[in-house]
Amino acid sequence: MEATGSRVSRFHVGDKVITLFNQGHHAGPLDQRSMKTALGGLLDGTFRQRGVFSEEGLVAMPPNLSFLEASTLTCAGLTAWNALYGSADHPLRPGDVVLTQGSGGVSLFGIQVNQLRRLLKGSR
C-alpha cells in the first residue's frame with residue numbers, strides 16, 4: 001500500500017493487500033447491487049500499476065504468498081472455494097466425488113483446496 005486516506009483504519013502504508021473481486025460484497029449471497037461492483041465489469045479492473053480502492057474492498061495478503069500467487073486468490077481461488085463449500089443447501093460431505101474439468105485455475109484450486117482441508121482435518 002503506497003498511501004491511505006485520512007479515514008482509513010484497517011491498513012497502513014506498506015501493508016500488502018489484495019482486492020475483493022466484487023468490491024461491494026462482504027458476506028452472504030451475491031445480490032444485484034454487489035454484482036455491479038465487480039472489478040473488470042462496471043469498475044475498472046486491476047491490470048494497471050496503481051489503483052484507488054475503498055478499504056472495504058481490500059483484504060490483507062497472506063504473508064507466505066508472493067504477489068503473483070496472492071493475485072489468484074480473489075477470482076479462481078474464491079470461485080473454487082464457493083463451488084466446493086459455498087452452498088448451504090448442498091454441502092460437500094466426506095466421500096462425495098468432485099469432478100474438475102480441465103487444468104485451469106479454478107479446477108486446480110478446487111483440487112488444492114480440497115486436499116488442504118483434508119490435511120488440516122487430519123491434523124486435529
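**Talking through the model**

Modeller: E2 is exposed, at a relative accessible area of 58%. Buried means under 20% relative accessible area, exposed over 50%, and partly exposed in between, with a 1.4 Å probe and protein chains only. This is a predicted model, where local features need pLDDT of at least 70 and side-chain atom pairs count only at pLDDT 80 or more, while totals for chains, interfaces and linings use all residues. Residues are numbered from 1 along each chain as its sequence is written, and side-chain values use heavy atoms, with hydrogens and water left out.

Colleague: Which side chain does E2 meet in a salt bridge?

Modeller: The side chain of R50, at 3.0 Å from N to O. A salt bridge here is a side-chain nitrogen of Lys or Arg within 4 Å of a carboxyl oxygen of Asp or Glu. The pair joins distant parts of the chain, 48 residues apart: E2 is in the segment before strand 1 (17-19), and R50 is in the loop between helix 1 (32-35) and strand 2 (58-60).

Colleague: Is R50 buried or exposed?

Modeller: R50 counts as exposed, at 59% relative accessibility.

Colleague: How many salt bridges does the structure hold?

Modeller: One.

Colleague: Let's step back. What does the secondary structure come to?

Modeller: Four helices and two strands. From the N terminus on, the order is β-α-β-α-α-α. Helices (H or I, at least four residues) and strands (E, at least two) are DSSP runs, numbered from the N terminus.

Colleague: And what box do the C-alpha atoms fill?

Modeller: Roughly 50 × 35 × 25 Å, taken along the principal axes. The protein has 124 residues, and buried ones make up 20% of them.

Colleague: What about the accessible surface?

Modeller: The accessible surface comes to about 9,600 Å², and 57% of that belongs to carbon and sulfur atoms. Accessible areas come from the Shrake-Rupley method with a 1.4 Å probe, and for residues only the protein chains shown count as cover.

Colleague: Now helix 3. How far apart are its end C-alpha atoms?

Modeller: Only 15 Å, although helix 3 (residues 73-85) has 13 residues. A straight helix would reach 18 Å at 1.5 Å a residue. The expected span is 1.5 Å times one less than the number of residues.

Colleague: Which residues of helix 3 are buried?

Modeller: T74, A76, G77, A80 and L84. A76 has a relative accessible area of 17%. Not counting residues up to four places away in sequence, A76 touches G105, V106 and F109. Contact means heavy atoms within 4.5 Å.

Colleague: How many aromatic pairs does a search of the whole structure find?

Modeller: One. The rings of W81 and Y85 have centres 4.6 Å apart and planes at 50 degrees, so the pair is tilted. Rings of Phe, Tyr and Trp (its six-membered ring) pair if their centres lie within 6.5 Å; planes under 30 degrees apart count as stacked, over 60 as edge-to-face and the rest as tilted.

Colleague: Where do W81 and Y85 lie?

Modeller: Both are in helix 3, four residues apart, about one turn of the helix. An α-helix has 3.6 residues a turn, so residues three or four places apart point the same way. W81 counts as partly exposed, at 37% relative accessibility.

Colleague: Different topic. Where is Q23 found?

Modeller: In the loop between strand 1 and helix 1. Q23 counts as buried, at 12% relative accessibility.

Colleague: What lies 2.8 Å from a polar atom of the Q23 side chain?

Modeller: The backbone oxygen of L20. The backbone oxygen of G57 also lies 2.9 Å from a polar atom of that side chain. Leaving aside neighbours within four places in sequence, Q23 is in contact with residues including T37, L39 and F53.

Colleague: And G24, which residues does it touch?

Modeller: R33, S34 and T37, not counting residues up to four places away in sequence. G24 and S34 are 10 residues apart in sequence and 4.8 Å apart in space, C-alpha to C-alpha. G24 is partly exposed, at 22%.

Colleague: Last one. Where is the place of M61?

Modeller: In the loop between strand 2 and helix 2 (67-70). M61 is buried, with a relative accessible area of 8%. Beyond the residues up to four places away in sequence, M61 touches K16, V17, I18, S66, F67 and A70.

Terms used: A polar contact is a pair of N or O atoms within 3.5 Å; within protein, one must be able to donate a hydrogen and the other to accept it, and residues adjacent in sequence count only if both atoms are side-chain atoms.
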